[in-house]
Amino acid sequence: MIMALISSILKHAKSLSSSNLSTNYLQRSVYLIPRVGGYRYMSSDARKENIVIVGAGIAGLASAVSLQRFGIRSLVLEQAESLRTEGSSITLSKNGWKALDAIGVGDQLRDKFLEIQGIEFKLDDGRVLNSFGFKDEDKSQELRVVERRVLLETLASKLPPDAISFSSKLSKIEQSENASNTLLQLQDGTRLSAEVVIACDGVWSPMATWMGFRQPKYAGHIAFRGLGYFPEGQPYEPKVHYTYGRGLRAGFVPASKTKVYWFVMCNSSSPGPRITDPSILRKEAKELIRDWPIADMLNLINLTADDTLTKNPLYDRWLWPLISPPPFCGKTVLLGDAWHPMTPNIGQGACCALEDSIVLTEKLAEAMKSKHISVEDAFKAYGSERWSRVFPLTVMANRVGALLQSENKLICSVRNILMSKLKPRTMTRHANYEFEQSKRDRR
Ligand SMILES: Cc1cc2nc3c(=O)[nH]c(=O)nc-3n(C[C@H](O)[C@H](O)[C@H](O)COP(=O)(O)OP(=O)(O)OC[C@H]3O[C@@H](n4cnc5c(N)ncnc54)[C@H](O)[C@@H]3O)c2cc1C
């Protein structure tokens, strides 16, 4: 029933996107109220920049590297003092790797992380529900767990040393009357006048708020994650080991020769206070799976370095047609989590952020080189091409999460039947994304 619901939502979204969506969608810009209270537009003392990217996360750095391919320089503003080095890992599927290949960092990362061959689903009593290889039905599939730190460092290493400005928190933004320039003020008082602003400032994006987007919604689940470290070499086969209970799931996947990524996901009526103390996080994660017959997981949690332990309440934002604003305003555009935060239930947030970067930068580069295409045209084309991709995935991730986190006995039984029949093709289908540009090139 739930799968039927997902499929009907997807069909609905697809029919919207393939009909006259792009026109309806773009007309919504009229609803934007791009203002930050009390800030007057004064650009006389502002430093001029061509393209400013806000946020040195996955989307921001990938966009800067991608622009560089077209000989276009950008300045990346990052609020933190350095690249985010703490935190755990993410799984990147075929579409993420395709994007990383497009910007020339795929093979460098492949050298560091193991290719995951398949998945095994178990119940919390130890019974195996299903298992298969990711390439069983489609040899082109690729899945690896990548350390976020290494991904960010690899992307940053492709940029000139002065391309990222750290300790540069954007605090105010205003557009000139004819929207030809955007004035950005940093927390330290520095002012920049940018011709184009690419906002990659993450799930709590101030830029998205400025553009009129609603705050992301809490999905009712919390994820604990970490990276177990085996200095002498980790002992596991390169596959996803996934266990389901009622309202609880956990799993682990080898990332490299010495590191194993793990996660525990539980339900919670509220996101709760932000906890960063590793001893508390470790204790809470272990407590959740204490009675499960997976001693490996407890061992992994014990072997986890403090700076890789995280606890994240999960949020998303559904980009309803006609209600949600477009992802651009004048010459400012949103990418990645700033536009479409999604829950990690199908492992697509970062993959889609990477796809966004490729699509946007290709269109922007084309506009900057052409007399006939404006930057606004490029943003409109990006908005309609990407909306039809990210909205259905956001909904799907949320619904899959609701099914997998259910505490209802009957729903859990249905889930177990569905999981026992799950085919590799169904699980990896969303990774089969082809960039419009590549489709055009093939024609
Ligand atoms: C528990 C969990 C598991 C996940 N697992 C996966 C997975 O397996 N696969 C997958 O594909 N995705 C996964 N994701 C999603 C993925 O992490 C995000 O989609 C991805 O990080 C989005 O990248 P981003 O660049 O848009 O945002 P971010 O990575 O959040 O980067 C935003 C950057 O902007 C900076 N910033 C914010 N505000 C300002 C400001 N005012 N001025 C300057 N800088 C600013 C921040 O400091 C940060 O560096 C997961 C997410 C969670 C929470």
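Mentor: Domain bounds come from an automatic or database domain assignment. This is a predicted model: local features need pLDDT of at least 70, side-chain atom pairs count only at pLDDT 80 or more, and totals for chains, interfaces and linings use all residues. Residues are numbered from 1 along each chain as its sequence is written.

Trainee: Why is the shell around the ligand said to lie between domain 1 and domain 2?

Mentor: Domain 1 (28–113 + 148–217 + 324–419) and domain 2 (219–312) both give residues to that shell, so it lies between them.

Trainee: Which residues come nearest to the ligand?

Mentor: Near means a C-beta atom, placed from the backbone, within 6 Å. Of the 34 residues around the ligand, Gly-55, Gly-57, Gly-202, Gly-336 and Gly-349 come nearest.

Trainee: Which helix gives the largest share of the shell?

Mentor: Helix 10, with 4 residues. Helices (H or I, at least four residues) and strands (E, at least two) are DSSP runs, numbered from the N terminus.

Trainee: Why are helix 3 and helix 6 called roughly parallel?

Mentor: Axes are lines fitted to C-alpha atoms, for helices over the stretch in contact, and angles run from 0 to 180 degrees between N-to-C directions. Under 35 degrees counts as roughly parallel, over 145 as roughly antiparallel, 65 to 115 as roughly perpendicular, the rest as oblique. Helix 3 (residues 58–69) and helix 6 (residues 148–157) cross at roughly 25°. They are therefore roughly parallel.

Trainee: Which residues of helix 3 and helix 6 meet?

Mentor: Contact needs C-beta atoms, placed from the backbone, within 7 Å. Ile-58, Leu-61, Ala-62 and Val-65 in helix 3 meet Leu-151, Leu-152, Leu-155 and Ala-156 in helix 6.

Conventions:
Contact = placed C-beta atoms within 7 Å.
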